[in-house]
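Here is my note for your reading of this model. Please keep the structure open and go through the points in order.

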Amino acid sequence: MTFQALGLIDPLLRTLNALGYHKPTPVQKQAIPAVLAGRDVMAAAQTGTGKTAGFALPILQRLTMDGLTGPQRIRALVLVPTRELAEQVYESFRNYGGNLPLRSAVAYGGVDIAPQIAKLRKGLDVLVATPGRLIDLHDQGAINFELLQTLVLDEADRMLDLGFERDLDILLEALPKQRQTLLFSATFSDEVRKLARGIVKDPVSIQVEAANTAVKSVKQWLVTTDKRRKPELFLHLLNKLAWSQALVFVKTRKGVEALVKTLHEHGVTADSIHGDKTQPARLRALERFKRKEVRLLIATDVAARGLDIEALPQVVNFDLPSVAEDYIHRIGRTGRAGMEGEAVSLVCADEVDMLKAIETLTRQPIPRYVEAGFEADHRVPETSSNATPRKVPTAKRPSGAPQIAKAPAAAKTAARPAGGSESLGVWTPPEKVSKQAGRDDNAAAKPRGRSFNTSGGSAPKGAIVVTSGRGTKSQARSDGRAAAKPGARKSKPGSR
Ligand code: AMP
């Protein structure tokens with residue numbers, strides 16, 4: 001099957017050729033003819049499957065073949081949940097539409113609205129936007145939907161997770177009822193189906209992976225340990241397995257920054273992406289990582305979507321996410337477009353319920369490993385019948401994976417008797433530390449992990465600990481609503 005056989009026009013075929021896309025992915029095979037035929041689409045497709053081109057290519061073609069835009073008008077609208085995804089989808093439209101006479105732009109919150117208003121003045125063919133900022137633009141009279149012919153809801157499940165339901169209601173009310181609607185979602189929960197019922201008409205259903213199964217090309221495994229030993233275990237594995245580059249997910253923003261600090265202390269280059277960072281700072285961190293100027297990119301779930309990093313071999317879940325679906329999105333950052341990838345999770349006892357939820361969602365147990373010297377005092381209960389742990393094997397050190405110069409300081413004081421440890425790199429088996437029976441894992445008495453104060457560590461009394469879910473939601477809100485006019489919308493405060 002070729003792109004030509006799907007009915008794409010010459011300028012698009014030339015672009016695809018230049019990009020090195022030789023044949024359509026399964027989602028593209030199904031979506032491109034359906035969208036070209038003007039049909040509505042409901043597609044269960046994860047990131048990494050090529051879904052963006054699946055909708056962008058036929059939309060660009062239809063826009064080219066028919067009609068023109070007008071002042072403040074847009075002809076195609078792509079709604080996405082996060083700024084990162086907005087940038088990325090916009091970039092895809094620009095790339096794919098490089099040989100076409102079409103105008104596109106991106107709009108999200110947290111940045112000046114004036115340039116976005118200016119772009120809209122002459123009208124656009126394609127606008128990629130987050131819901132909140134789009135409502136602001138609409139409230140300010142900067143955009144008119146009367147020429148809108150195609151609406152895409154990308155990552156619809158994520159939009160609902162992030163609390164955009166009310167925003168979507170407001171927008172759907174404002175959009176013309178006669179239109180083509182394409183709904184893409186990694187997972188199809190009851191909420192997504194409910195949303196879909198009201199907006200897609202007689203859709204072509206596309207399912208490229210069995211629903212809720214993790215991307216098959218990603219090899220997944222986990223290592224159990226105690227919560228507060230995660231930083232030293234992470235450094236140890238980084239060294240032992242010689243990860244040349246990895247995207248590392250941590251649950252909280254505070255945890256992200258603490259891990260970055262620890263890594264810097266050990267001479268490992270790392271940058272961070274989370275909701276407290278400005279958009280330019282996030283993009284800068286991503287670019288540095290893409291250019292391989294830093295070895296590790298540490299992120300909260302706000303970054304789990306929309307990051308497309310070519311040939312990223314490794315994802316590490318330093319913490320499991322708070323929502324099982326996010327696991328699928330996180331690991332979908334690797335193994336993209338048919339390449340091999342690996343996702344490793346560090347799991348402690350209090351994450352066992354999330355582990356169970358993830359294994360239920362993906363319908364597969366995650367193979368379990370232990371690392372000598374890092375066994376959990378607080379056993380992580382078994383979640384599946386094949387939970388007999390194996391030892392983490394040693395990797396061949398590829399070029400570009402430097403050995404960590406300094407031993408993790410805490411490992412020396414912290415680790416338990418290694419007992420014939422196959423420990424590697426520079427980690428030295430410690431002197432025997434007596435174990436106190438029944439000690440709480442979070443108790444402060446043993447000075448383990450002193451220099452590894454990350455999210456696993458206990459917060460100072462009275463400190464506000466930001467959780468991932470909350471941070472993500474509030475981030476999503478500020479993404480879209482930084483410039484909202486008070487009282488401009490009908491929804492209840494706090495409900496969106
Ligand atoms: P997506 O699932 O849309 O985020 O796309 C995942 C990655 O696959 C992106 O890096 C695309 O550039 C790439 N890609 C999309 N379609 C193709 C194709 N037909 N052949 C090769 N790479 C592709």
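1. Begin with K356 and D353. Their side chains meet in a salt bridge, 3.9 Å from N to O. A salt bridge here is a side-chain nitrogen of Lys or Arg within 4 Å of a carboxyl oxygen of Asp or Glu. Both residues lie in helix α14 (residues 352–362), three residues apart, about one turn of the helix. An α-helix has 3.6 residues a turn, so residues three or four places apart point the same way. K356 counts as partly exposed because its relative accessibility is 40%. D353, with a relative accessible area of 59%, is exposed. The terms are set by relative accessible area: buried is under 20%, exposed is over 50%, and partly exposed is in between (1.4 Å probe, protein chains only).

2. A word on the basis. This is a predicted model, where local features need pLDDT of at least 70 and side-chain atom pairs count only at pLDDT 80 or more, while totals for chains, interfaces and linings use all residues. Residues are numbered from 1 along each chain as its sequence is written, and side-chain values use heavy atoms, with hydrogens and water left out.

3. How many salt bridges does a search of the whole structure find? It finds 20. One of them joins R282 and E84, with the closest N and O atoms 2.5 Å apart. This pair links distant parts of the chain: R282 is in helix α12 (residues 279–290), E84 is in helix α4 (residues 83–96), and they are 198 residues apart. Both R282 and E84 are buried. Helices (H or I, at least four residues) and strands (E, at least two) are DSSP runs, numbered from the N terminus.

4. Now look at R158 and D326. They form a salt bridge, and their closest N and O atoms are 2.6 Å apart. R158 sits in helix α7 (residues 156–161) and D326 in helix α13 (residues 324–331), so the pair ties together parts that are 168 residues apart in sequence. R158 is buried, and D326 is too.

5. Turn to the sheet. Eight strands form an open sheet with parallel pairing, in the order β10-β11-β9-β12-β13-β8-β14-β15. Its edge strands, β10 (270–273) and β15 (390–391), each pair on one side only. Two strands pair if DSSP finds at least two bridges between them. Strands β9 (residues 246–249) and β11 (residues 296–299) pair in the parallel sense over four bridges. V248 has I298 in β11 as its bridge partner.

6. Is strand β8 enclosed or open? Six of the seven residues of β8 (residues 218–224) are buried, so the strand is largely enclosed by the rest of the structure. With strand β13 (residues 341–347), β8 pairs in the parallel sense over seven bridges. There, V218 stands opposite G341. Two bridges join β8 to strand β14 (residues 368–370), and these strands run parallel. V223 has Y369 in β14 as its bridge partner.

7. Check helix α10 (residues 230–240) as well. The helix is mostly covered, with 11 of its 11 residues buried. Among them are K230, E232, H236 and K240. Just after α10, A242 takes a positive phi of about 55 degrees.
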